[in-house]
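Dear colleague,

I am handing over the structure below, and my notes on its interfaces follow it. Please read them alongside the coordinates.

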Amino acid sequence: MSSNQTLKTIIGLEIHVQLTKLKTKLFCATSADYREKKPNTHVCPVCLGLPGTLPTVNRKAVEYAIAVAKALNCEISDRLMFVRKHYFYPDLPKNYQISQYIGPGFAPIAKNGYVKIIVDGKPKIVRIRRINIEEDPGRIVYLGSIETSPYSLIDYNRSGVALLEIVTEPDIESPKEARIFLEKLIAILEYLGVTDPGLEGAFRVDANISFEGFGRVEIKNIGSIRDVEKALTYEIVRQRRIIAGGGKIERETRHWDSNKGVTISLRSKEFEEDYRYFPDPDLPPLRISKELIEQITKSLPELPDERIDRFMKQYSLDEYRATVLVLNKWLADLFETCAKHYDKYKKLADLLITDFLRWINEFNIDYKNLRLDPLQIVKLLRLWDEGTLSVKMVKELLPQIIRDGIDVEDYVKSSGYTRLADKEYLKSVVEEVFRESPKAVQDALENPKAINYLIGLVMKKTGGRADPQLVREIILSMLDKMKNTGS
Amino acid sequence: MLSSSDSNILEYLERLTLIKFNEEEKKRVYEEIKKVIELFNEVMKVEGLDNVEPLYHVVEIELPLREDEVLDAIDENHELLKDNAILENDYVKAPKTVGA
Amino acid sequence: MPVHKLVEEFKIDPSKVFDYLDSLYDNIKRVENKIQSFITIIPQETLDRYVENLIKENKHRIDNLKLFGIPIAVKDNISTKGIRTTCASKMLENYVPPYNATVVEKIMREGGIIIGKTNMDEFAMGSTTETSAFYPTKNPWDTTRVPGGSSGGSATALASGEAPLALGSDTGGSIRNPASFCGVYGLKPTYGLVSRYGLIAYASSMDQIGPMARNVVDLAILLSVIAGHDPRDSTSVPFVQSVDYVQELYKLYHKEPKLRIGIIKEFFEGSEEPVKKAATKAVDLLCSYHECQEISLPFSKQIIAAYYIIAMAEASSNLARFDGVRYGMKIDFTNRSWDEAFTEVRTKGFGYEVRKRIAIGAYILSAGYRDMYYIRALKLRRVLKERFDQIFKDHDIVVSPTMPILPPRLGEFFKDPLRIYLADVNTVAANLVGIPAISIPVDFYNGLPVGLQAMAKQFSEPLLLYVAKQLEDRTGFRDILAQP
């Protein structure tokens, strides 16, 4: 079925991001810092939806939303209007969610934006359809599994926390593109300082996926970028198999089980949900003035695209290196701190985006808990440059700097952990090798390329610390001597 | 518009609002809803509304914005829920979210 | 004795509050079983203790308290911390709010005492207090008749001397209608003047809490206490902080400005003969001093339709939250799926009229019908507001009978529910356009009270109080009690 393989994949994403940098919830002055807290203590009459309570809008949430809209190149509505979206569910205290709606007479805070990404070296635009400000529901927990639990238990601490819902157009064509887009989006939000996407539950994605001409499947509530890529990949394989077998793709909602790595059908979508949107009579509309938008635009921090450009110019990095650094904001910050004291930028960048990043992941260190003196990286690179450390040693020392916080200079001094450049000593090692491996010496005398084998033997004996250049010189001069004495 | 042919509408509304009318009520409510909708159709008779902006808020004030400062205390002992909800290990008991 | 005199007495001798409570509770014992104004009455011992504390804690500032020692009957859709608040519904039969409505806080801060929670139509959906899930309240002037609604209990508590002041709420006439049927004063304030925080919502864009009293000055006192900006209510107007309506009233009363009064022709023509006669007599009293002119407010039926469309749409949304999880009617959730459990709670908890309005409201808002009904109703609302803006260019106030009919007999309306809706014709306009409206008792017909309604432009409450006071002087309709 070759046509099957060429079917175009259409993916659209709906991203929910908590504005975790807010102190209070979206519609009440209750602390939004609910994680790890005793259930149902970060609540007030408003976010419990008690009868008679009324919402009041968090100013900062609106400002954050405008900043995000600006950063995603959106048109910002001149009027912010909250609507009620009705559906019943045990985690939704009012059985309606205060949100926004796009349609005649309504207006989401922003629409028609875009994000630039680079896929396989080629630039691509993913369009943003709209951005909503809305409230998070409570959290449901179960006794045992969702299926067998005889009832559910609700924690309303999360209820009312401010969310942005960011909806893309179906411009994404592969799981990899989805990942690249999300990495970029998250970086933008992080640079804006509106959210900490690393926090549990701060970032959730619903993914719509279909093959051109077939039914659309929605995968709900995926919790990480990696899982989005995996879930979409799984879905593509699953749907391809059905199409290849001549089957139909049912229009349905599926759940991503990240433990099992599969999607499971939740319900079929026989008819559109009837959410009965109407403007919330408890909240008059807010005029969003040009001045406010201007003021927020002016105070926007440097955003990823701008920083990538600057990295390419200021540090002469190529786009790939600049992008990897910038999309990991903390790494880019570390790079810039080091770059103040060290000007071989490419070498610095390479160390950071390869070995350094690998160890961070290996040790499973959250960069927020990283207690690293950036100068240690600089010192390490300098010792490498002056030849005191070999590349092998640099790679060995790096994890100890990251994990144990050693001081490179002290460590090198006190442990004698330096490159062996003592000519007399090395000469004695070479003589030892020559005695032990006469055959190899003979080969080297006949074939200059075989000399590398001898160097290797010396390196082995010195635990890799010998300066290979020096060893080569010693071996060459000894071989010369042997030739001249005409054995 | 409600006509005698779409008695399904009542079932639809019941499902949408999670309420039920018993058999006895059904006939009555159906007739009454029909009459009310007839009354509502009066708004269709008013002409010249096409270019009128709907009026959502009668007192035209700006949405006030609240500063992002915590004012409400932590409800450590569930004062807000203990008299009215069923609490179990600090959680509020609710029905199953998948079919029983 | 009127509240403004009682407060003065109490301030001189705080122990008189206890004597007053004695007489009040004696009267409640005598009349309550005949009219059933209350859903919850605070036991006298509890109030006595409360008053002891009140006196102790406010020793040096009693003089500043506008309502010191005054018992107030509060409609049972206004949240009272620690006191059951039922909305006259099985759904909330055992609901005890953990917080106070802003108006309740304000009343308590001024030394007022909550004496009980009054009966009403379930969730304020009705005009007769007959849809209460517990029992209907009876009209103290004729206990075979309804007291009006939905704030029926508040009106009867006043009319029969069970409380000297009361709070009601008004979405389409729910203060003015029972005030008219029971012969007391009731004011629906400008939308946004009084905080709705803690008022269990029926139709949020029209609900207002308002004062009810047996004379105009008392009405002004209670309005002064409850009006003013509340940051907890985003629809509360920020430019009114505190107004002394008694002072405002007296300023006008002494200056006696001549007003331009509009008489709404259609509302008189649509009224029963006795009502029309009584109201016309009152208007004649006004016109002997002020300048009167007949005005026209066409499309009455369309106004009613627009009102009920908006009210039911908002109600269906506001009442979605009642599912038995966080508060309200309880069933055992074990091994029950959520939709089926919620359906059971909502079907058992809500009465027929409430369920009907929720269903119609959902219908109106559902895809395909929203533009046809809801949006059109909102457009009509703007047209009506513009019409009133026009009227108020040439008129300071407009008057009509409050209700087009005399209080009907209990059960009479049940046969034809549409007739109940249509009886709201004179009152709903004020809610649709957010203007203040007052019902002034002006006469009796066969022992049944008749009320005159006056409306003015937004924030013109003092004008309404002024006109009411003039009529009160001329009709002598002051502190009149029914003897049920």
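This is a predicted model: local features need pLDDT of at least 70, side-chain atom pairs count only at pLDDT 80 or more; totals for chains, interfaces and linings use all residues.

How much area is buried between chain C and chain B, and what share of it do carbon and sulfur atoms give? The buried area (the accessible area, with a 1.4 Å probe, that two parts lose on being put together, summed over both) is about 5,700 Å² for chain C and chain B, and carbon and sulfur atoms give 69% of it. Within chain C, the residues that lose the most area to chain B are C:Tyr352, C:Arg376 and C:Arg382, which together make up 13% of what that side buries.

Residues are numbered from 1 along each chain as its sequence is written, chains are lettered from A and ligands numbered from 1 in the order in which they are written, and side-chain values use heavy atoms, with hydrogens and water left out.

**Chain C and chain B**

In terms of contact (heavy atoms within 4.5 Å), 72 residues of chain C meet 55 residues of chain B. There are three salt bridges (a side-chain nitrogen of Lys or Arg within 4 Å of a carboxyl oxygen of Asp or Glu) between these chains, and one of them joins C:Asp332 to B:Lys93, with the closest N and O atoms 3.5 Å apart. Several helices (DSSP runs of H or I, at least four residues, numbered from the N terminus) of chain C each supply at least two residues of the side that touches chain B, including helix 11 (300-318) and helix 14 (370-394); the largest share, eleven residues, comes from helix 14 of chain C. By class, this side of chain C has 41 nonpolar residues (Ala, Val, Leu, Ile, Met, Phe, Trp, Tyr, Cys and Pro), 16 polar and 15 charged (Asp, Glu, Lys and Arg), with the others, Gly among them, counted as polar.

**Chain A and chain C**

Here 35 residues of chain A are in contact with 40 residues of chain C, and the two chains bury about 3,000 Å² between them, with 60% of it on carbon and sulfur atoms. A:Pro51, A:Leu54 and A:Phe88 supply 20% of the area that chain A buries against chain C, more than any other three residues. The count of salt bridges between chain A and chain C is one: C:Arg196 pairs with A:Asp282, and their closest N and O atoms are 3.0 Å apart.

With best regards
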